[in-house]
Amino acid sequence: RRTAKGMASSKPQPPPGPGDDEGEGELSFAVGKNSMNGDVEDDDVEAFSPRARARRSCCGARRPFCCRISYMCVLSRSCTLLFTLGLLVMIAWFIILHLIIRQSPNYNLVSDPEAIKGNNATTQYNWPVFVTARKLIEMQEAEEFPLGVTVLDARPKPNAFTRFGPAGTSVHGSARAYWTDFAANGGILKSDEQLVTLFEQRGVSPGRPVVVYGAWTEGWGEEGRVYWQLAYLGHVNVSILYGGIYAWNEHCRDHGGDCGRFASSTDEKKKIADPAGKFVAKANNTLRVSFNDVVWLDEMQSNDTRAVIMDARNGNEYDGATPYGSTYGGHIPRALSFPWKSVFDSDGSGNIASPEAIWTAIRSSPGAPSNLPPTFANLTQAARTTRYIAVSYCTGGVRSAFLFATLTWMPWPGIVSNYDGSWWEYSKQSFTGGS
């Protein structure tokens with residue numbers, strides 16, 4: 001069969017390529033002749049098999065990339081279109097996922113969280129529990145703190161599927177301090193010596209203030225857990241960044257110069273500060289309770305001592321759901337249900353509610369004792385003659401630690417403790433089956 005005009009009958013034809021039939025071999029030769037001499041006519045090309053025509057359409061001189069995948073597309077002319085549509089769908093999906101991850105909550109935070117409390121005292125430690133982004137910058141630049149401020153990032157290591165703050169954002173110079181780094185078994189803390197070593201590695205020293213930040217309402221209250229750990233070890237100059245990473249990003253967006261100075265000051269003070277802290281623990285055991293303590297508090301209810309045990313988990317967990325691998329479902333006897341996010345205003349502003357509003361919500365919680373004082377002011381007054389002990393717990397002592405920080409901020413007129421073992425430990429140790 002002759003396909004080119006003027007071709008000598010004695011001229012040999014090139015052999016078919018691997019996997020090609022004779023028609024495809026002739027096509028390859030004809031295409032080569034066409035690119036050099038323009039000898040192939042359209043009618044001749046149409047005469048080839050459909051498979052050969054598909055390969056020629058895919059492997060034209062102007063489509064070298066498509067030619068490389070020709071063995072995948074010779075069976076259909078539409079393979080290139082399908083591949084393109086699939087690629088566009090993948091790109092659209094990643095764009096949507098990126099927007100979801102980077103979506104920030106629409107906070108409307110107050111400029112001074114201490115003002116929410118009205119006339120209430122700051123804290124029993126005379127150090128603010130919450131500080132704003134502006135206050136953190138002022139602390140870093142202050143001559144009062146020549147070694148600067150240690151900033152700890154309590155969020156988990158970011159990945160493509162976390163929503164704990166916009167991807168890739170952090171406070172300049174901060175060290176990661178996720179709560180699991182400090183836990184030995186479930187939520188139970190490691191030894192005091194191990195905790196001190198871990199915090200020293202992150203630059204914690206007694207003469208240096210510490211500010212912990214997390215994802216605020218979008219996380220699990222991890223910043224509260226780190227705050228509680230340091231308070232338990234005796235570091236009284238520790239605070240939580242009000243509004244978390246979102247408040248920091250917003251401040252830097254609106255006041256870029258402030259954050260630029262913060263970065264410069266951080267770098268300068270790090271030159272003279274020992275990167276490894278020298279932290280000596282003075283454990284405050286009243287801030288931490290064990291399984292035996294919880295059992296004792298449940299049994300010890302008298303006119304001069306009242307234990308208010310608060311379950312910071314969601315309501316369905318309080319009622320018996322076990323989404324996180326507890327031995328059985330339920331709650332500690334006499335505990336009231338107060339999910340940790342109940343400390344925030346219900347308007348979505350991201351602000352902590354007033355002490356009076358928080359106390360009202362506690363009194364109206366499922367399981368709350370009927371003999372609690374009606375107002376927070378009444379509670380403060382009653383605490384002069386009756387010792388009120390607040391104990392918070394959750395699944396592993398994380399959400400409850402944020403509740404601990406908030407109760408400390410109010411401030412609770414008595415002892416506030418966090419149960420680090422929480423329901424993971426209680427459900428294993430207890431033989432009562434919960435309630």
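This is a predicted model: local features need pLDDT of at least 70, side-chain atom pairs count only at pLDDT 80 or more; totals for chains, interfaces and linings use all residues.
I'm counting a salt bridge when a side-chain nitrogen of Lys or Arg is within 4 Å of a carboxyl oxygen of Asp or Glu.

**Salt bridges**

I searched the whole structure and got 11 salt bridges. I looked up R134 and D258 next: their side chains meet at 3.8 Å, N to O, so the pair makes the 4 Å cut-off. R134 lies in helix α7 (residues 133–141) and D258 in helix α11, so this bridge ties together parts that are 124 residues apart in sequence. I have R134 down as partly exposed at 41% relative accessible area, while D258 is buried at 14%.

Then I checked R155 and D153, which form a salt bridge at 2.9 Å, N to O. R155 is buried at 6%, and D153 is buried at 2%.

D181 and R202 also meet in a salt bridge, 3.3 Å from N to O. Both sit in loops, D181 between β3 and β4 and R202 between α8 and β6. D181 is partly exposed at 29%; R202 is buried at 17%. I also found that shared partners join R134, E141, D258 and R261 into one network.

**Aromatic rings**

My count here is 22 aromatic pairs. I picked W248 and F262: ring centres 5.0 Å apart and planes at 65°, so I call the pair edge-to-face. W248 is in helix α10 and F262 in helix α11, 14 residues apart. W248 is buried at 4%, and F262 is buried at 0%.

W340 and F344 are edge-to-face as well, at 6.1 Å and 75°, and both are buried. They belong to one aromatic cluster whose members include F130, W216 and Y242.

Last entry: the charged end of R288 sits over the ring of Y232, 5.3 Å from its centre.

Key. Residues are numbered from 1 along each chain as its sequence is written. Side-chain values use heavy atoms; hydrogens and water are left out. Rings of Phe, Tyr and Trp (its six-membered ring) pair if their centres lie within 6.5 Å; planes under 30 degrees apart count as stacked, over 60 as edge-to-face and the rest as tilted. Helices (H or I, at least four residues) and strands (E, at least two) are DSSP runs, numbered from the N terminus. Buried means under 20% relative accessible area, exposed over 50%, partly exposed in between (1.4 Å probe, protein chains only). A charge sits over a ring if NZ of Lys or CZ of Arg is within 6 Å of the ring centre and within 35 degrees of the ring normal.
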